[in-house]
Each structure stands twice: as C-alpha cells, then as structure tokens.
Amino acid sequence: FSEGMEKYPERIDFYERAARIETFREKPEDALAIVEKGLAAFPMGSKFDRLGMPAALGLSNIKVEVLISKDFEGVKKESAALRELNNERVNAVADFHQARMTAVDEKWADAAAQLRNVRPRLLGFSELQALAAAIQGFCHTQLGQFDLALEAYKASLAINPELPQAK
C-alpha cells in the first residue's frame, strides 16, 4: 500500500489501508505518520464523498484509535476539528469519540449514557455503531448492570457478529 500511496496520491483509500495495516502490526507511530500524511493530502473540509461526508473521516477515525489510549489532548483536538465542519453526522462521530474518552477515564455511568445516546445517531457508520454498543456493554458490566450489558452486547453483535470486543 505504501507503493500505492506514491503511485496514486489522489486515492485516499491507500492511506487508510496502509495505516490500518500498521495498527494491526502494532506500529502505532507508523500508522499515525501515514494518517498525518493522508490528512495533509486530503484536508478534512476539502473533499467530500457522494453523501456529503468528509473523504478524510476514515483517516480521522484511525488517528483517534491510535491516540485514545495515550493522548487525550490529541483526541480532543481531532474531535474539535470534526465539530468545526458543522455536520450533524460528523458531530455524532465526534460525540462517539468523546464517549470513548469518558469510558477510558473509567466514568462508567456517564460513558454508558453517552454511548446509548450516540448509537442511533451513527447511522451509516456501522463499525462505530457496533463498537459503541460493545463499549456500552463493557461500561454496564463495570457497573454490575449485567442485563443492560447483555442487551448492548447483543446489539453490537447484531451489527457485527465478528467484533471481538462484543464476544
């Protein structure tokens, strides 16, 4: 995919795939470097897909995945950049990232509520919707609310039966 980024610099999918590969290889710094290169080539508000979504939204989500466990300020900045686009669907993604940060901060009840509220707003983002439900299930588990946890995990698996966080 690195060769693809060089040969076809106008194709954002090469940046996304190369960054994903580096995350799977557990090379977050390399993934982040690829994401930053992609975001420089495709600034968030410059290109949009046929549904009016920023073409670079996938890169932004990968960036947050890499940063969420170690750089809350970086996640906050990325979420703020998403909110600046003034797009309700993109705001839902930013709200999802905020809810994830709340869960990482072990504020289980707040995170569960935020995730419950954002899930229906993530239409068109099935991967994020499934992950939101799985994280919500984990939060409910931490609170000892096993019936709500089971409900959230089932919702997650209904969207993505292979999601490891929900199994």
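Which residues does Leu-115 touch, not counting residues up to four places away in sequence?

**Entry 1: the model.** I noted that this is a predicted model, in which local features need pLDDT of at least 70 and side-chain atom pairs count only at pLDDT 80 or more, while totals for chains, interfaces and linings use all residues. Residues are numbered from 1 along each chain as its sequence is written, and side-chain values use heavy atoms, with hydrogens and water left out.

**Entry 2: Leu-115 and the core.** I looked up Leu-115 and found that it touches Phe-96, Ala-99, Ala-132, Ile-135, Gln-136 and Cys-139, not counting residues up to four places away in sequence; contact means heavy atoms within 4.5 Å. I then turned to the largest nonpolar core, which has 36 residues. A nonpolar core is a set of buried Ala, Val, Leu, Ile, Met, Phe, Trp, Tyr and Cys residues joined through side-chain atoms within 4.5 Å. Buried means under 20% relative accessible area, exposed over 50%, and partly exposed in between (1.4 Å probe, protein chains only). Phe-96, Leu-115, Leu-122 and Cys-139 have the most contacts inside this core. At least two core residues each come from α2 (12–24), α3 (28–41), α4 (57–67), α6 (88–104), α7 (108–118) and α8 (126–142). Helices are DSSP runs (H or I, at least four residues), numbered from the N terminus. The largest share of the core, seven residues, is that of α6. Apart from this core I found another, of eight residues, including Leu-32, Val-66, Leu-67 and Val-75.

**Entry 3: α2 with α3.** I recorded that α2 and α3 pack at an angle of about 165°, with their axes 7 Å apart. Axes are lines fitted to C-alpha atoms, for helices over the stretch in contact, and angles run from 0 to 180 degrees between N-to-C directions. The two helices, α2 and α3, are therefore roughly antiparallel (the term for angles over 145 degrees). From α2, the contact uses Tyr-15, Ala-18, Ala-19, Glu-22 and Thr-23. The residues of this contact of α2 with α3 divide into eight nonpolar, two polar and three charged. Ala, Val, Leu, Ile, Met, Phe, Trp, Tyr, Cys and Pro count as nonpolar, Asp, Glu, Lys and Arg as charged, and the others, Gly among them, as polar.

Entry 4: How many of the residues of α4 are buried? I found nine of its 11 buried, among them Leu-57, Asn-61, Ile-62 and Val-64. What covers these buried residues includes α2, α3, α5 (72–83), α6 and α8.

I examined α3 first. The axes of α3 and α4 come within 9 Å and cross at roughly 150°. That makes α3 roughly antiparallel to α4. Val-35 and Leu-39 of α3 and Ile-62 and Val-66 of α4 are among the residues that make the contact. The contact of α3 with α4 divides into nine nonpolar, two polar and two charged residues.

I examined α5 next. The axes of α4 and α5 come within 9 Å and cross at roughly 160°, and that makes α4 roughly antiparallel to α5. The contact is made by Leu-57, Ser-60, Lys-63, Val-64 and Leu-67 of α4 and Gly-74, Val-75, Glu-78 and Leu-82 of α5.

**Entry 5: Gln-142.** I located Gln-142 in helix α8. Gln-142 is partly exposed, with a relative accessible area of 40%. Gln-142 and Ala-109 are 33 residues apart in sequence and 9.0 Å apart in space, C-alpha to C-alpha.

Technical notes: Parallel < 35°, antiparallel > 145°, perpendicular 65-115°, else oblique.
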